[in-house]
Amino acid sequence: MNRLLTLLLLCIFLENAVSQQKPNFIIMLMDDMGWGDLGVYGEPSKETPNLDWMASQGMLLPDFYSANPLCSPSRAALMSGRLPIRNGFYTTNDHARNAYTPQDIMGGIPSNEILLPENLQKLGYRSKIIGKWHLGQQPQYHPLVHGFDEWFGAPNCHFGPFDNKRTPNIPVYRDTDMIGRYYEDYLIDHKTGESNLTQIFIREATTFIEKQAAQKQPFFLYWAVDATHEPVYASRDFLGSSQRGLYGDAVRELDYGVGQILQKVKDLGLVNNTMTIFSSDNGGATYAKEMGGSNGPFLCGKQTTFEGGMREPTIAYWPGKIPAGVVSHQLGSLMDLYTTFTTLAGGSIPTDRVVDGIDLTQALFKQTIIDRPIFYYRGDELMAARWQQYKAHFWTWTNSQDEFDKGVNFCPGEEIDGVTTHEQVNNTAEPLLFHLGKDPGEKYMIKSTSVEYKGVMPQILKIVAEHRSQLVKGEPQLNMCDSSVMNWAPPGCEKINKCLPVPKSNPSKCVWVH
């Protein structure tokens, strides 16, 4: 009996030892932060010392992309490893329209999508999301139904304040239950920009890491903070601290948060067993003017499939694994984190579906360049494709002339004739071609009569034709809206007396202006 007990204890010990060999993962995903917002990416005021240090000790990835120029589809792609056109995070209500998950959306992340935290949960990981989810606000779409073990944050963006009659204020959740609402229990001052939310998100992150270290369990932390999304906010200690105004204050506080999280990982002795990725969900919101980010040398911004809309400020950090102070021009995508993390954790990628994310371990650890394309989707349309240094536009469009005339400008100061069009222009018969190495701003078209064009375009067309031939579109989740599904009475509202009357259901097609 004693021998059997000894063997049992030995097995448990070995199992725990193996589990501790699994690396921890942290994704720090900013909201609407531009490629040019970090000092290491050329921002002249150099107000991101922690991120600049992270880059000096890790790898800078200047050719890294989101899968969409808008928050919800980009995040759905990150979590599923699949393009939004596959996972259903798009609309067919109108051609090439951007869509996301406002309060009245009826859809959300489909139950048949296998998300990154689900993969990791099966491998013994504990996962937490802190901040914005944005993949559906109804309970069946919430993070804890899709592999996360803990959640502190909100299902939607921090818009408001609302009147709780026509529109309810956004709920904040602790795991499965609402614990308050933005602008009521979690304040954001529109006049001053003051809010303590980022500090709360920092404490949630460091506390989670401490708990996981004590339990010796591998973890995945998804730090999805949103201070740089309009309405921009920062805590009192950071207000007025930046040369860039309130937006810069928010960036400085997020940089501080990065430093706090990295220091906690180091203090707990986890630094050599933790991969940390910093990035953003889409490009800076140039239409927000001084309340939006900088996209550096790239054209336009959020909402567009030009480089400014989808190229992200990305840093990879893992001492002892990722070489320090290296710049990699590997074409990367947020979707690659799905495949890379799952592989490093010892898991397998689903084989019953196309997974667009590739394994970046060789690129990260050995600086190998993997030849792969990048596809730029807007709604249900493939707008452009990149192969090596070349980018071909099959469709061009910024926003409608009506919107533009009202002052909504996705490309302020960057109007390029025949490129930044205010009507949807189909260039498929003769795609517009740019060399992003020579021309990162997509200003100078390569003539279709040139030898260069004729040498490159057939390869791009072949890649796109192969992609389209294998494309199975997911059922669109962003077509239908209904005011009855808004955050009137979220789970747990009765415990804090925050339930509101639910109006009668009246579903209709969502209207997407972009």
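I took a disulfide to be a pair of cysteine sulfur atoms within 2.5 Å, and by this rule I counted 3 disulfides. I kept in mind that the model is predicted, that local features need pLDDT of at least 70, that side-chain atom pairs count only at pLDDT 80 or more, and that totals for chains, interfaces and linings use all residues. My residue numbers run from 1 along each chain as its sequence is written, and the side-chain values use heavy atoms, with hydrogens and water left out.

**Entry: Cys300 and Cys411**

I looked up this pair and found a disulfide whose sulfur atoms are 2.0 Å apart. The torsion about the S-S bond of Cys300 and Cys411 is about 105 degrees, so I noted the disulfide as right-handed. The pair links distant parts of the chain, 111 residues apart: Cys300 is in the loop between strand E9 (274–280) and helix H8 (307–310), while Cys411 is in the loop between helix H11 (401–405) and strand E17 (425–426). For these labels I used DSSP runs numbered from the N terminus, with helices (H or I) of at least four residues and strands (E) of at least two. I then checked accessibility, where buried means under 20% relative accessible area, exposed means over 50%, and partly exposed lies in between (1.4 Å probe, protein chains only). Cys300 is buried, with a relative accessible area of 1%, and Cys411 also counts as buried, at 1%.

**Entry: Cys481 and Cys510**

I found a disulfide joining Cys481 to Cys510, with 2.0 Å from S to S, and the torsion about its S-S bond is about 105 degrees, so this link is right-handed. Cys481 lies in strand E19 (residues 480–481) and Cys510 in the segment after strand E20 (508–509), so the pair ties together parts that are 29 residues apart in sequence. I recorded Cys481 as buried at 8% relative accessibility and Cys510 as buried at 5%.

**Entry: Cys493 and Cys499**

I found Cys493 joined to Cys499 by a disulfide, with 1.9 Å from S to S, and with 95 degrees about the S-S bond this link is right-handed. Cys493 counts as buried at 2% relative accessibility, whereas Cys499, at 36%, counts as partly exposed. With bonded cysteines counted along the chain, I wrote down the pattern of the disulfides as 1-2, 3-6, 4-5.

**Entry: Cys71 and Cys157**

Cys71 is buried, with a relative accessible area of 3%. Cys157 is in no disulfide, the nearest cysteine sulfur being that of Cys71, and I noted Cys157 as buried, with a relative accessible area of 2%.
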